[in-house]
Amino acid sequence: MIDKVKKEFAKRFGPGAALYTSPGRVNLIGEHTDYNMGFVLPGAVDKGIYAAIKPASGGVSHLYSVDYDSEVSVDLAGDVLPKPQWAKYIYGVAQEMAKRGRKVPAIDATFGGNVPLGAGMSSSAALESTFAFAFNDMFGLGFTLAELAVIGQMTEHNYVGVKCGIMDQFISLHGRAGHVLKLDCRDLSFEYKPFDPAAAGYRVVLVDSMVKHNLSGGEYNERREQCEAGVSIIAAHNPEVKSLRDTDPATLDKYRGEMPGMVYRRCLYVVEEIGRLLDGCDDLDAGRYDAFGAKMFATHDGLSGLYNVSTPELDFIVDAARACDGVVGARLMGGGFGGCVIHLMRESVADAYLADLQVKFNARFGLTPRVIGAVISDGARRLE
Ligand code: ADP
Ligand code: MG
């Protein structure tokens with residue numbers, strides 16, 4: 001991919017490009033915790049966007065997407081939104097930087113990527129972060145990495161129409177090989193936790209459930225509202241409670257009688273998940289991969305049984321994982337209703353488990369699930 005991006009640049013624009021990359025991500029644990037002001041635990045992966053970029057003279061930028069074989073000319077400082085979806089991310093980043101008082105000059109660029117599409121590994125954040133990091137570095141704009149993450153997030157909000165949280169951009173920019181990032185969604189403070197499964201004889205693998213049950217954004221909004229409903233019941237007695245982050249299972253239980261059963265179950269999942277993540281961080285500090293994996297299974301049970309965002313396909317994969325000695329953890333990753341199961345497994349069982357799972361899944365659902373390896377890697381950087 002890197003060679004292709006460089007070759008296309010040379011062919012179209014000549015020599016002298018700088019090469020930048022920023023990765024996609026996995027999230028080990030901490031699902032539906034971000035909007036409840038809890039923690040998430042993402043890691044950057046060995047798959048990303050790669051861009052060859054050079055300042056251009058004049059006001060017009062020339063951008064070429066290798067993967068879509070599509071070129072656009074656009075004024076990054078102008079007010080005309082480019083047509084192709086992929087170009088909106090780059091234009092949006094430049095616009096968000098201009099809003100913060102730092103104008104991005106014209107560029108020539110080619111780029112491509114290898115973040116699997118539709119796997120929930122956040123190819124869009126990789127794209128925004130690649131260009132945000134590159135503009136900042138190349139033109140000396142002086143943004144911090146955290147500011148660049150906000151710029152990427154606001155690009156999604158304002159130029160793509162996706163009201164996403166900040167985890168994906170944050171980890172794409174801050175990723176570190178051999179570590180995951182414990183990110184506090186309340187104040188964006190963070191801490192690295194050691195996570196180097198290969199060194200301990202483990203492997204992280206995603207298995208795509210292949211089916212997206214499109215229940216639209218409605219389910220997501222409903223979960224958020226149920227969490228807020230729980231918070232207001234607790235806050236009526238404890239005004240210091242502003243989010244589910246501020247409470248615990250015992251307090252939740254105390255007001256259970258005042259809540260609809262559904263609201264209680266949603267809140268219980270979130271409160272337990274926040275606790276599970278904190279305990280899981282202790283496991284990582286101590287190198288206890290099996291204990292960490294058990295928490296991933298527990299998260300899946302909560303997402304499936306209490307939060308009700310799983311699917312038969314996702315449950316099937318997690319059941320198969322649980323039945324295999326040596327697969328130490330597995331859970332649906334992302335908001336739910338489809339996407340991937342993230343696994344933590346012993347290297348010694350990995351190939352046999354995955355081959356067997358593909359056969360079994362195919363026999364049950366008539367599709368062969370895609371298998372995606374993930375090595376925890378560094379975040380945004382200049383390559384050459
Ligand atoms: P994801 O969960 O992977 O972030 P999104 O729908 O948010 O999925 O983002 C996917 C979009 O990001 C694509 O439709 C495309 O516009 C852009 N994108 C991602 N990867 C590439 C790539 N390699 N080349 C061009 N555009 C890309
Ligand atoms: Mg995205």
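The side chains of Ser310 and Asp315 are joined by a polar contact of 2.7 Å; a polar contact is a pair of N or O atoms within 3.5 Å, where within protein one atom must be able to donate a hydrogen and the other to accept it, and residues adjacent in sequence count only if both atoms are side-chain atoms. This is a predicted model, in which local features need pLDDT of at least 70 and side-chain atom pairs count only at pLDDT 80 or more, while totals for chains, interfaces and linings use all residues. Residues are numbered from 1 along each chain as its sequence is written, chains are lettered from A and ligands numbered from 1 in the order in which they are written, and side-chain values use heavy atoms, with hydrogens and water left out.

Ser310 belongs to the loop between helix H9 (289-305) and helix H10 (312-323); helices (H or I, at least four residues) and strands (E, at least two) are DSSP runs, numbered from the N terminus. With a relative accessible area of 15%, Ser310 is buried, a term that means under 20% relative accessible area, as against exposed at over 50% and partly exposed in between (1.4 Å probe, protein chains only).

Helix H8 covers residues 261-285. At 1.5 Å a residue, its 25 residues should span 36 Å, and the end C-alpha atoms are 36 Å apart, which agrees; the expected span is 1.5 Å times one less than the number of residues. Just after H8, Gly287 adopts a positive phi of about 70°.

The strands come next. Strands of a sheet pair through backbone hydrogen bonds, either parallel or antiparallel. Here two strands are said to pair if DSSP finds at least two bridges between them. An open sheet of three strands has the order S2-S7-S8, with antiparallel pairing. Its edge strands are strand S2 (39-40) and strand S8 (190-194), each of which pairs on one side only.

Strand S7 (residues 179-184) is joined to S2 by two bridges, and the two run antiparallel. Val40 has Leu183 of S7 as its bridge partner, and Phe39 stands opposite Asp184 in S7. Towards S8, S7 pairs in the antiparallel sense over five bridges, and here the bridge partner of Leu183 is Phe190. S7 and S8 form a hairpin with five residues between them, and Leu188 in the turn has a positive phi of about 65°. Five of the six residues of S7 are buried, so S7 is largely enclosed by the rest of the structure.

Strand S11 (residues 340-346) has six of its seven residues buried and is therefore likewise largely enclosed by the rest of the structure. Strand S9 (residues 202-208) pairs with S11 in the antiparallel sense over seven bridges, and Leu206 has Ile342 in S11 as its bridge partner. Strand S10 (residues 327-332) is joined to S11 by five bridges, again antiparallel; Arg331 stands opposite Ile342 in S11. The loop between S10 and S11 holds Phe337. Phe337 has a positive phi of about 65° although it is not a glycine, and it is buried, with a relative accessible area of 12%.

Ser122 also has a positive phi of about 65° without being a glycine. Ser122 lies in the loop between S6 and H3 and counts as buried at 13% relative accessibility.

The last topic is the ligand. Ligand 1 is surrounded by 13 residues, of which the closest are Asp67, Tyr68, Gln85, Ser123 and Ser124; a residue is near a molecule if one of its heavy atoms lies within 4 Å of it. By class, this shell has six nonpolar, six polar and one charged residues. Ala, Val, Leu, Ile, Met, Phe, Trp, Tyr, Cys and Pro count as nonpolar, Asp, Glu, Lys and Arg as charged, and the others, Gly among them, as polar.

A nitrogen atom of ligand 1 lies 2.7 Å from an N or O atom in the side chain of Asp67. A nitrogen atom of the ligand is also 3.4 Å from a polar backbone atom of Gly113, and an oxygen atom is 3.0 Å from an N or O atom in the side chain of Ser124. Of the 570 Å² of accessible area that ligand 1 has on its own, the protein covers 76%, with accessible areas taken from the Shrake-Rupley method with a 1.4 Å probe; for residues, only the protein chains shown count as cover. The elements that give two or more residues to the shell are helix H2 (85-99), strand S6 (107-113) and helix H3 (123-138).
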